[in-house]
Amino acid sequence: MSLTDYDLVPYPTAPHQQTHPDRLAAAGKLFGMRPAPVTQCRVLEIGCGDGGNLIPMAYGLPDSRFVGVDLAAVPIAAGQKAAADLELRNLELRAGDLRAIDDGWGEFDYIVAHGLYSWVPEDVRERLLAVCRERLAPAGIAFVSYNAYPGGYVRQMLREMMLHETRLAASAREKIAQARAFLDRLRQARNLSPPWQEVREQEIQLLLARDDGALYHDELAGLNQRFYFHEFLAAARSHRLEYMGEADLHEMFDPKGLLAGFAGTVDDFEQRLDFLKSRRFRQTLLCRAETPLRRRTSPEQMAEFLFSAPGRRLEDGQIEGARGVCIRTANEAAIAVAIALGDVYPLPLTFEELVPYAGGSGVLARLLYEMMTTGFIDLHVYDFPCEESVTERPRASRLARYQAARSGDVTSVRHIDMPLDEIGRRLVGLLDGTRTQKQIAAALGIGGAPELLTPSLEWLASRGLLEG
């Protein structure tokens with residue numbers, strides 16, 4: 001197999017919460033489906049890279065089965081080595097073309113194609129959707145992300161400029177350097193009217209903050225197409241797939257009532273939301289066309305889920321939840337529920353555990369429903385197991401220790417990417433369950449003040465990085 005651009009310039013892969021079976025199953029359940037249980041499911045990721053998203057899933061869900069495929073052989077080989085080092089017998093990574101996926105691959109409860117659809121030619125897009133239809137189980141859910149209009153027009157403008165400015169680059173590295181230099185010059189020009197200047201600068205800052213691999217493969221690639229929602233939906237329906245929802249559930253709601261009284265179909269509603277939000281990226285969930293769906297949701301459904309949110313008090317009195325969503329309220333029940341969620345975050349709480357904070361199940365159901373539609377909380381169907389207390393001989397997960405030895409990012413039990421500084425990496429590496437806290441403190445050079453270790457260990461426990 002010949003080398004691809006992804007072999008020559010690695011693309012950064014990382015855990016993506018929206019693709020975890022828990023997130024997909026929660027969305028399916030909200031809309032009336034009966035998805036496969038998270039602890040015993042079959043997952044296929046198309047375009048998996050080196051397995052940065054699949055490996056933590058396979059580690060955390062040992063009784064589920066995971067398969068990844070990618071055209072780039074070098075990242076696949078790296079992922080295979082990591083899987084072997086971690087002794088993950090429930091994960092298979094394959095180098096190959098998605099167009100070769102056939103009946104021999106079997107059936108899957110969840111299919112993930114993140115960061116692929118917009119960057120491949122039409123025949124590959126069509127085959128991707130066909131694979132979703134052919135390989136999805138009857139109650140299966142497919143995740144397909146893609147760049148969207150109308151919000152994508154500004155990024156498309158900058159992309160076209162960069163492609164022109166770098167057209168003579170002799171190598172990928174030279175192309176990346178030229179693109180960054182051009183964006184920096186454009187940012188400093190400040191020759192637009194204030195509203196346009198602000199829009200352009202925000203986009204440029206986002207681009208310059210990207211990893212070289214992401215900038216090269218996402219923005220400087222030969223293909224990077226954007227689609228209106230109705231165009232993507234028409235393509236999906238041509239393969240007998242149906243729109244189920246969005247991986248970020250709040251994106252489907254209109255809490256401000258901007259579309260109050262709208263009488264169109266769910267397709268028209270979603271497209272109108274894109275127009276209002278200038279949406280530029282979608283993480284769409286599909287199911288088989290014959291799957292019954294319940295489109296109308298209600299507060300009463302909240303009793304079926306678990307919930308998570310950071311729940312942080314800010315200096316101005318607001319409480320910050322997921323995605324930076326803030327609430328300012330005098331409602332004591334809402335405040336109590338938000339803070340209770342924050343106390344255990346990133347782990348979720350059940351509906352029953354939250355009832356005492358709200359003062360009643362009816363009040364809680366309405367609060368949680370409102371928090372869900374605004375994006376303040378996330379819904380779950382899986383109670384992620386982890387060690388929440390710090391033992392005398394603390395042990396970080398084998399996955400976290402393996403990752404800390406190789407990079408500054410580790411993955412929590414909640415499938416969240418957690419950056420660590422050098423001291424944090426050293427600390428995680430020492431937590432193999434054989435050392436006492438005093439021995440760990442001595443190894444870190446703080447043997448004279450072992451109490452300094454306690455906050456760090458408690459932080460690791462609270463983030464779901466320790467095992468019992």
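Me: How much space lies in the largest cavity?
Reply: About 70 Å³. A cavity here is a set of points on a 1 Å grid over the protein atoms alone where a 1.4 Å probe fits but cannot get out, and its volume is the space filled by probe spheres set on the points, which are joined across faces, edges and corners. This is a predicted model, where local features need pLDDT of at least 70, side-chain atom pairs count only at pLDDT 80 or more, and totals for chains, interfaces and linings use all residues. Residues are numbered from 1 along each chain as its sequence is written, and side-chain values use heavy atoms, with hydrogens and water left out.

Me: How many cavities of 30 Å³ or more are there?
Reply: The structure has 2.

Me: OK, which residues line the largest one?
Reply: Among them are R23, H250, R323 and D378; lining residues have an atom within 4 Å of a point.

Me: What does its side chain make a polar contact with?
Reply: The side chain of R323, at 2.4 Å. A polar contact is a pair of N or O atoms within 3.5 Å; within protein, one must be able to donate a hydrogen and the other to accept it, and residues adjacent in sequence count only if both atoms are side-chain atoms.

Note on methods:
On a 1 Å grid over the protein atoms alone, a cavity is a set of points where a 1.4 Å probe fits but cannot get out, and a pocket is an open set with protein on both sides within 12 Å along at least five of seven lines; lining residues have an atom within 4 Å of a point.
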